[in-house]
Amino acid sequence: MNIPQLIQHQRKFFTSQQTKDVAFRKNILKRLLKELIKREREIIKALYNDFKKPEYEAVMTEISIVISELRMTIKNIHSWSKPKRVLPSILNFPSSAKIYKEPYGTVLIIAPWNYPYQLAFSPLIGAIAAGNTIIVKPSELTPNTSKITKEIIENVFDINHVTVVEGGVPVAQELLAQRWDYIFFTGSVPVGKIVAKAAAEHLTPVTLELGGKSPCIVDDTANIKLAAKRIVWGKFINGGQTCIAPDYLLIHKTVKDSFVRYFKEEISKAYGDNPSESLDYPRIVNARNFDRLAKMLTNEKVLIGGETNKDSNYISPTLLDEPSLDSECMKGEIFGPIFPVISYENENDIEKITSNYDKPLALYVFTNRNSFAKKIIKRYSFGGGTVNDTTVHFANNRLPFGGVGESGIGGYHGKQTFDTFSHKKGIVTRGTWLDIPTRYAPYKGKLKQLKALMKLG
Ligand code: NAD
């Protein structure tokens, strides 16, 4: 079946009403849960084969997140999909008012390679729960995970309900050329713009989960040892290839030296003296990304690391000292295990640096001054963040996750994923036992009455 035919069949399936039934959706999600649990080992193996993702990280950052989303969704699907009563307007008296949630229809989900399992399944779970039919396109850069994603979906779903279309850019382009009822894209800013343009052609609503240059600020009151430990974890997990990884460090100049010392210690504790031998340290996904990252190391002062091996796409955890803003590593999102450190003297210096970039996906601030953390949160616009840690806001599915400005449009996780894939339909039901005459023509002599009513409403 070619892509237009697949979409046509999915539309038919959608209009057949099956997915409108919440019990049907819940049952199929339960079957998906069973399948995912059964195939855990194969998923771990696929992630390892794709970019040497350690088993522990696969469980922590992919498998457990998907299972938790799925369990939460199964538990709450009935209450999330029920119409919600809201207060009626006095202007409509007598009436009741409700918000109905309906699925959009046939949905496209395009996933990136960096958390290839989690970032395909997390939106998918919400899209299924909301009652859509779905085509998922995993990333071609992680072929093993793409393959197992396809197998899992084929085992659980009717092809007309949910299906996986594998392939690279030409396939993505062909998919984007079709008419969809919703597009959910996770990936880079430039491709996000291509998706937005394609969606605009049919006025298709979109969620864009993109990237950006996420700053990490450490002030002079922070617990420096703990900050170093938590930043090493958040920066180098997944080999630094995380959309919300701290991208660059802004540190108060009085604590920089001790931070660098602790940072070095923490890298050794986590990955040993030679991280290339550590089973817990992943590789760069491909040669293109390796070359892009390796270029950032030339002409920079390396404080820690800087070792590379082109044959195995290895780049050691690296700290760069005070790069200029026009250096390679400060031009755009790094998306790898390279961390530039820039010291500041006062809060104006922070603004001078951050104002060079668009609104980032995340921001981290390490401080013991509550007032400083609050000031930063209020002052800067960014997707989301953490005070005194890195990336962990992602793990709470009661918080919305998404960007703002160039880092994205829309948010998801937990109930918000269900809402993302649902159109909200407002319905007023009028009583028939009373019909206030004010609104009807002729209007002569009724204006005062109307104004009085408007004040109430
Ligand atoms: P990417 O944009 O290159 O690719 C993402 C998807 O788009 C892939 O499935 C790919 O096949 C497809 N694609 C690539 N080029 C295309 C084109 N010209 N036309 C249509 N489709 C195309 O991104 P990536 O390298 O897979 O992922 C890294 C980027 O994703 C980083 O910028 C990172 O910050 C971002 N990201 C964001 C989030 C988030 O949740 N906000 C999560 C992970 C990654």
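Author: In this predicted model, the largest nonpolar core holds 80 residues, and those that touch the most other members are Leu32, Ile231 and Phe263. Helix α4, which spans residues 55–81, supplies the largest share of this core, namely 10 residues. The core draws on both domain 1 (3–210 + 411–424) and domain 2 (215–402), with at least three residues coming from each.

Taking leucine 32 as a point of entry, and leaving aside residues up to four places away in sequence, one finds that leucine 32 touches Leu70, Phe121, Ile125, Ile128, Ile152, Val156 and Phe157. Another core, of 26 residues, lies apart from the largest one, and its members include Leu250, Ile338, Tyr357 and Val365.

Helix α4 also packs against helix α3 (residues 40–51), at an angle of about 110° and with the two axes 10 Å apart. Because angles of 65 to 115 degrees count as roughly perpendicular, α3 is described as roughly perpendicular to α4. In this contact, Glu40, Arg41, Ile43, Ile44 and Leu47 of α3 meet Glu55, Ala58, Val59, Glu62 and Ile63 of α4; sorted by class, the contact comprises 6 nonpolar and 4 charged residues, with no polar ones.

Glutamine 17, by comparison, sits in the loop between α1 (3–15) and α2 (22–38). With a relative accessible area of 46%, glutamine 17 is partly exposed. From C-alpha to C-alpha, glutamine 17 and leucine 70 are 23 Å apart in space, while 53 residues separate them in sequence.

Note on methods
Residues are numbered from 1 along each chain as its sequence is written. This is a predicted model: local features need pLDDT of at least 70, side-chain atom pairs count only at pLDDT 80 or more; totals for chains, interfaces and linings use all residues. Side-chain values use heavy atoms; hydrogens and water are left out. A nonpolar core is a set of buried Ala, Val, Leu, Ile, Met, Phe, Trp, Tyr and Cys residues joined through side-chain atoms within 4.5 Å. Buried means under 20% relative accessible area, exposed over 50%, partly exposed in between (1.4 Å probe, protein chains only). Helices (H or I, at least four residues) and strands (E, at least two) are DSSP runs, numbered from the N terminus. Domain bounds come from an automatic or database domain assignment. Contact means heavy atoms within 4.5 Å. Axes are lines fitted to C-alpha atoms, for helices over the stretch in contact, and angles run from 0 to 180 degrees between N-to-C directions. Angles under 35 degrees count as roughly parallel, over 145 as roughly antiparallel, 65 to 115 as roughly perpendicular and the rest as oblique. Ala, Val, Leu, Ile, Met, Phe, Trp, Tyr, Cys and Pro count as nonpolar, Asp, Glu, Lys and Arg as charged, and the others, Gly among them, as polar.
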